[in-house]
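Please examine the sequence and the structure shown here. The paragraphs that follow lead through some of the features step by step.

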Amino acid sequence: MSTTCEWPGASGRTYTYHVYGVGTSFKTEPGNYIFAKVANGKWVPVYIGESECLGERCTSTHHKWEAALKHGATHIHAHLNKAGLQSRLDEETDLRRNFNTPCNDQ
């Protein structure tokens, strides 16, 4: 598998995410993240989110962590986004509109 993944949003914009195994420790940086799995040779998002601090959010204390694992999540895809909260929310919304993720509250 590649160390990056291109995720398309409903808008047509594509976002480049770095791929990490579950259990990876992240720095205290803002960004967007996806709990993902591989199905039929392709990445499938299980949960899509954003955070001011990836280091605190992408851990086993995440409120959807257990649900994501039950849905087969094996990796965390992360995209640093220092453009502010609205930019992270816009990216999250764009991606969620393109994917029906089982762990996001739609």
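**An exposed loop residue**

At 84% relative accessibility, Asn-40 counts as exposed; exposed means over 50% relative accessible area, buried under 20%, and partly exposed in between (1.4 Å probe, protein chains only). Asn-40 belongs to the loop between β3 (31–39) and β4. Its phi is near 55°, a positive value in a residue other than glycine. Helices (H or I, at least four residues) and strands (E, at least two) are DSSP runs, numbered from the N terminus.

The model is predicted: local features need pLDDT of at least 70, side-chain atom pairs count only at pLDDT 80 or more, and totals for chains, interfaces and linings use all residues. Residues are numbered from 1 along each chain as its sequence is written, and side-chain values use heavy atoms, with hydrogens and water left out. The average pLDDT (the predictor's confidence in each residue, from 0 to 100) of the protein chain is 94, and 97% of the residues score at least 70.

In strand β4 (residues 42–51) lies Glu-50. Is Glu-50 buried or exposed? Its relative accessible area is 18%, so Glu-50 is buried. The side chains of Glu-50 and Arg-88 are joined by a polar contact of 2.8 Å. Such a contact is a pair of N or O atoms within 3.5 Å; within protein, one must be able to donate a hydrogen and the other to accept it, and residues adjacent in sequence count only if both atoms are side-chain atoms. Not counting residues up to four places away in sequence, Glu-50 touches (heavy atoms within 4.5 Å) several residues, including Tyr-33, Arg-57 and Leu-89.

The aromatic rings come next. The structure holds six aromatic pairs. Rings of Phe, Tyr and Trp (its six-membered ring) pair if their centres lie within 6.5 Å; planes under 30 degrees apart count as stacked, over 60 as edge-to-face and the rest as tilted. Phe-35 and Trp-65 form an edge-to-face pair, with 5.4 Å centre to centre and 85° between the planes. This pair links distant parts of the chain, 30 residues apart: Phe-35 is in strand β3, and Trp-65 is in helix α2 (residues 65–70). Both Phe-35 and Trp-65 are buried. Together with Tyr-33 and Tyr-47, they form one aromatic cluster.
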